[in-house]
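Try each task before you read its solution.

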Amino acid sequence: MTTLWVDAPTGLAGDMLLAGLLDLGVPISAIEEPLNSLGLAGRYRIDVVEARSGGLRGQRVSVTGLESQPPHRHWADIRQQIVEAPLLTALKDRVLAVFTALAEAESTVHGSSIESVHFHEVGAVDALVDVVGVCAALHQLNPSRICCSPLPAGRGTVRTAHGLLPVPVPAVLELARRHHVPLLQSPHAPEGELVTPTGLALMAVWADGFVPPARITPAMVGIGLGHRELDRPNLVRLLLDTTDQQLADQDLRDIPRWQPLVVQEAWLDDATPEDLALLLERLREAGAVDVAAHPLVMKKGRSGHGVIALVEPDLAERLRQVWFNAGTSIGVRERLQGRWLLPRRIGLLNTPWGMLPAKQVKRPDGRCTVKPEADDLELMSRRTGCSVAELRMAAVAAPFISDADWSW
């Protein structure tokens with residue numbers, strides 16, 4: 001596995017992403033080939049230069065349209081052009097998804113049908129280059145996971161083809177609403193548009209979540225620079241972490257793995273035992289790694305329960321819906337946390353009474369310990385008449401059989 005972290009402290013635009021991916025080492029041919037397959041050969045020029053922003057280096061991309069009379073591209077024209085192009089299916093699907101996200105946002109903002117959407121900035125050849133180029137570069141890089149930092153909304157106004165618009169511009173707000181993308185507001189943010197619709201649509205389609213990874217060991221760093229002069233470096237940083245892949249390539253998976261988690265918690269003093277049991281069950285069904293409850297004495301001396309759910313960051317939003325729909329709480333606390341996991345695998349213990357499902361764990365000192373599942377011990381006890389304690393002692397000495405791979 002490889003993780004790509006898109007760190008966008010001053011915002012995001014398609015050309016910044018493209019520049020960062022080129023700085024990571026993606027060859028420009030991987031971008032130009034699909035663009036030419038779309039019939040755009042000779043209609044654009046990509047200039048990639050080493051530049052500085054606020055004293056920091058990076059790559060800056062400029063796209064120049066070479067069409068003497070650029071056509072007015074509508075969504076239907078762009079979609080047909082992409083569908084008919086001889087692109088790889090996976091790449092074509094991503095490109096279509098990005099433009100569909102843009103078209104849906106624009107149609108909502110302007111109150112028109114999606115088919116009649118006329119892109120101004122997005123329909124230009126430079127936006128086609130940005131979208132197709134970034135999708136092609138990410139397809140070539142093929143990270144198993146993409147994390148994006150929460151994006152700054154910016155402030156003030158920006159002049160567009162529609163006139164002077166407030167920041168964030170309507171299309172950005174609509175994309176954020178549709179795809180549940182957090183936008184950060186700060187009075188200290190630079191004035192102007194920091195996140196463009198194209199940049200946000202690309203991350204809305206590609207990113208697995210808008211939460212920074214709890215830990216990353218950068219193997220490669222790519223820096224993409226923006227064109228605007230700000231009071232700070234205007235850049236996006238792409239950090240590629242190949243640690244997981246290096247671990248997967250080892251013969252012995254004896255290194256603990258860090259798993260980032262979100263801890264969700266609420267204290268309930270108005271839930272019946274039935275309510276509480278239902279909430280715990282629904283949280284587990286929704287994908288919680290683990291769920292626990294403990295008694296509390298709350299305000300006014302009321303008896304209550306603290307409920308805690310551990311969840312992977314990508315599923316945090318799904319579990320929030322469970323809290324509010326299946327529980328009685330009107331608020332849920334969250335904090336980023338994590339845990340270290342030892343490698344484990346599932347197998348069978350060959351006992352004198354038959355096969356017993358068990359889990360084997362590899363310890364950091366090289367030892368392997370085995371633990372039978374409690375439910376299976378109980379079933380074997382009922383079937384054989386032996387006590388659970390007797391079966392557990394026998395299981396320690398039983399051969400462990402497994403053809404499963406180690407996992408965390």
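**Exercise 1.** Is cysteine 386 buried or exposed?

Solution. Start with the ground rules: this is a predicted model, where local features need pLDDT of at least 70, side-chain atom pairs count only at pLDDT 80 or more, and totals for chains, interfaces and linings use all residues. Residues are numbered from 1 along each chain as its sequence is written, and side-chain values use heavy atoms, with hydrogens and water left out. Next, recall the classes: buried is under 20% relative accessible area, exposed is over 50%, and partly exposed lies in between, with a 1.4 Å probe and protein chains only. Cysteine 386 has a relative accessibility of 12%, so cysteine 386 counts as buried.

**Exercise 2.** Find how many disulfides the whole structure holds.

Solution. Run over the whole structure, the search returns zero disulfides.

**Exercise 3.** Describe the surroundings of serine 112.

Solution. Helices (H or I, at least four residues) and strands (E, at least two) are DSSP runs, numbered from the N terminus. Second, check accessibility: at 29%, serine 112 is classed as partly exposed. Third, list contacts, meaning heavy atoms within 4.5 Å: leaving out residues up to four places away in sequence, serine 112 touches Ser107 and Val117. Finally, take a distance: serine 144 is 32 residues along the chain from serine 112, and their C-alpha atoms are separated by 37 Å.

**Exercise 4.** Which residues of helix H1 are buried?

Solution. Helix H1 spans residues 14-23, and ten of its ten residues are buried. They are Gly14, Asp15, Met16, Leu17, Leu18, Ala19, Gly20, Leu21, Leu22 and Asp23. After H1 comes glycine 25, with a positive phi near 115°.

**Exercise 5.** Look into the backbone at asparagine 142 and proline 168.

Solution. Begin with asparagine 142, a residue other than glycine whose phi is positive, near 55°. Asparagine 142 lies in the loop between H5 and strand E4 (145-148), and its relative accessible area of 57% makes it exposed. Then turn to proline 168: a cis peptide bond joins valine 167 to it, with omega about 0°. Proline 168 is in the loop between strand E7 (163-166) and helix H6 (170-179).

Definitions and conventions. Disulfide = S-S within 2.5 Å.
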